[in-house]
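Please work through the exercises below with the sequence and the coordinates at hand. Each task is followed by a solution in steps.

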Amino acid sequence: MTVVLKGHIQVLKEDLASVKAHLGEHIRLTLDESGCLEFRVTQDQGDPSRFTVFERFQDKASFNLHQRRVDNSEWGHVTKNVTRTYVVFDDEDGIKVVT
């Protein structure tokens, strides 16, 4: 059962340099996770404080493991002040909006 997350994060200007500095490692670690099928985070050209996020995981268990890893990671610490606006599509549970 595939899980897809689509949305964006809005980064405070004072956190932008740190978020950008840690983004590459966050992407690399996520793509290395078991069950990660696709993962993209791209900075918006019109609004440098906004990053579009797209994630696709093999199943709910893989997605949940990713969420737990992020919560306890350097990326989780660096992005603790960002505003997250996501929609999660889960074949098993349907659609969930996360803000």
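Predicted model: local features only at pLDDT ≥ 70, side-chain atom pairs only at ≥ 80, totals over all residues.

**Exercise 1. Fold and overall dimensions**

Solution. 
1. Count the elements: there are 3 helices and 5 strands.
2. The C-alpha trace spans about 40 × 25 × 20 Å along the principal axes.

**Exercise 2. Packing of α1 and α2**

Describe the geometry of the packing between helices α1 and α2, and state which residues meet.

Solution. 
1. Two packed helices are described by the angle between their axes and the distance between those axes.
2. For α1 (residues 16-31) and α2 (residues 60-71), the angle is about 145° and the axes are 11 Å apart.
3. The handedness of this crossing of α1 and α2 is right-handed.
4. From α1, the residues H26, L29 and T30 meet H66, R69 and V70 of α2.
5. Sorted by class, this contact comprises 2 nonpolar, 3 polar and 1 charged residues.

**Exercise 3. Surroundings of I27**

Locate I27 and list the residues that I27 touches, leaving aside those up to four places away in sequence.

Solution. 
1. I27 belongs to helix α1.
2. With sequence neighbours up to four places away excluded, I27 touches F39 and V41.
3. As a separate distance, the C-alpha atoms of I27 and Q10 are 17 Å apart, and the two residues are 17 residues apart along the chain.

**Exercise 4. The largest pocket**

Give the volume of the largest pocket and characterise its lining.

Solution. 
1. The largest pocket holds about 320 Å³ of space.
2. Its lining has 20 residues, and L5, Q67, V70, R84 and Y86 lie nearest the centre.
3. The elements giving two or more residues to this lining are β1 (3-10), β2 (36-43), β3 (50-57), α2, α3 (74-78), β4 (83-90) and β5 (94-98).
4. The most is given by α2, with 5 residues.
5. By class, the lining divides into 11 nonpolar, 5 polar and 4 charged residues.
6. Comparing with Exercise 2, V70 is among the residues of α2 that meet α1, and V70 is also one of those nearest the pocket centre.

Methods:
Residues numbered from 1 in each chain as written. Heavy atoms only, no water. Axes fitted to C-alpha atoms, helices over the stretch in contact; angles between N-to-C directions. Helix = DSSP H or I, 4+ residues; strand = E, 2+ residues; numbered from the N terminus. Left-handed = near helix turned anticlockwise from the far one by under 90°. Contact = heavy atoms within 4.5 Å. Nonpolar A, V, L, I, M, F, W, Y, C, P; charged D, E, K, R; others polar. 1 Å grid on protein atoms, 1.4 Å probe; cavity = no way out; pocket = protein on both sides within 12 Å on 5 of 7 lines; lining within 4 Å. Points joined across faces, edges and corners; volume = space filled by probe spheres on them.
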